[in-house]
Amino acid sequence: MTDAASPGSDRRFAALPGRPGKIIAIHLSYRSRADQRGRRPQHPSYFFKPSSSVAASGDTIERPAGTELLAFEGEIALVIGRAARRVSLDDAWNHVGWVTAANDFGLYDLRANDKGSNVRSKGGDGYTPVGPSLIDARAVDPAALRVRTWLNGAVVQDDTSAGMIFPLAQLVADLSQHFTLEPGDVILTGTPAGSSVAAPGDVVEVEVDVPGGPSSGRLVTTVVQGAVAFDAELGSLPDVDDLQRAEAWGSREAAGLPAEASASLTPELRAKLEAVPVAGLSAQLRKRGLDNVTIDGVRPLHHAVKLVGTARTLRFVPLREDLFASHGGGYNAQKRTFDAVGEGEVIVIEARGETGSGTLGDILAIRAHARGAAGVVTDGGVRDADAVTAVGIPVYTAGPHPAVLGRKHVPWDHDVTIGCGGTTVQPGDVIVGDADGVIVIPPSLVEEVVDAALAQEDEDAWIAQRVAEGHPVDGLFPMNAGWRARYDAGRGGAR
């Protein structure tokens, strides 16, 4: 562990070799944070922070007057030791000189207006505390670094670089494709779940270490209330909505907001969907060019219970023992999904049609039922099938199987687009199931489709009565002009 302070240097940069030429930060890099946000990037994306935002351990940070959402983000900071330009992934870590702790503060009140650039929301004076000491990068395994954050003495973030979507070395190699990383440049590598809001008087501490090994020491920042407000004549003013509150605090619940209601299904629309059979919905979707919208190969455990709700998705990948070791235990994606499912939502599980293991059992079914979930659809197996059936929540499955999850699957993602039973399902899609099977309806079409299906049901019921009276089906089903005129006349000319 090395302290990089030098006599006569600006105190703000005491923990660094000097004033950095560039500070590059990544938007989203930890699996836990991505799961919390409900989105996982395919590639890293970045933004710049000014070197004037750097602060030292022990400094204060102002929450500007008229704002409420100053959020902390404990992070691992990489300090470039050797210039890097178009370096390979294998060579990238050799260009990192040191590792230390950082706190990537952000003012969510200004975030919407910055549209991802974060110039104002994360560029303020004191918004990048770094330090207090440097760890020699050559002395550590980049996959074994730990970052922890304390808020007023309580641990609120605790994760390791092994939990990152993009390895640390990849960030260095990727950035070096686009510009030269120069000695002293700082890369902020993202924050795990647990980032939240700090208020005046709060003390936030961040430490990066190798458990049992070298440490950056605790980076300490105290939040104080600012007295100066933003000038409306010079630029946009702070503007906060519930989305920014939820993201700043980490969740709607943490922000003190009510649970978000399902936007797609009003009580009236839900009642219509409960009244119309899946077969009728399928016919109407086919008329609109959507034929691959049934979740095939699944059967209900409760044949008499209708399933109606909006999709909340969960994806399993094929078993690989090392990945199950890192993703299968603890608070994994499966448990997070069943803990987060909302009232009226349907958990839809991608299990690749693999029925050689259970994808849920009675405990998770009870949890979903307690949360008010509308049901579960899985193209995999169900463990404890009799007990799951007894819970009473509608469940569609490819069949029962006694084995536990780790025999065939690794819980991997949730709230992402998945494939279940041969069709694509996105979060928020409308899911309807009955004895014929399960269908997926795009939210933009649901009202149009259900109204058309109900109208067709009325017509089919009238035809069925005529057939029961002894009329032949030829010309009646479908109706020719003569029968159509009789039908319309019977309904007062309405169609």
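Visitor: What is the strand order of the open sheet of 6 strands?

Guide: In this predicted model, the open sheet runs β2-β1-β13-β6-β7-β10, with mixed pairing.

Visitor: Why are β2 and β10 said to stand at the edges?

Guide: β2 (46–49) and β10 (135–136) each have a single partner strand, so one side of each is left without a neighbour in the sheet.

Visitor: What makes β7 and β10 paired strands?

Guide: Pairing requires at least two bridges. Strand β7 (residues 96–103) and β10 are joined by 2 bridges and run antiparallel; therefore they meet the criterion. One of the residues involved is V99, whose bridge partner in β10 is I135.

Visitor: Why is the contact between E73 and K122 called a salt bridge?

Guide: The cut-off is a side-chain nitrogen within 4 Å of a carboxyl oxygen. The closest N and O atoms of E73 and K122 are 3.0 Å apart, so the pair qualifies. E73 lies in the loop between β5 (70–72) and β6, and K122 in helix α4 (residues 119–122), so the pair ties together parts that are 49 residues apart in sequence.

Visitor: How do you know whether D209 and R146, which form a salt bridge, are buried or exposed?

Guide: Buried means under 20% relative accessible area. D209 has 5% and R146 has 18%, so both count as buried. Their closest N and O atoms are 2.7 Å apart.

Visitor: What makes R286 exposed or buried?

Guide: Exposed means over 50%; R286 has a relative accessible area of 59%, so R286 is exposed. R286 forms a salt bridge with D291 at 3.8 Å, N to O.

Methods:
Residues are numbered from 1 along each chain as its sequence is written. This is a predicted model: local features need pLDDT of at least 70, side-chain atom pairs count only at pLDDT 80 or more; totals for chains, interfaces and linings use all residues. Side-chain values use heavy atoms; hydrogens and water are left out. Helices (H or I, at least four residues) and strands (E, at least two) are DSSP runs, numbered from the N terminus. Buried means under 20% relative accessible area, exposed over 50%, partly exposed in between (1.4 Å probe, protein chains only).
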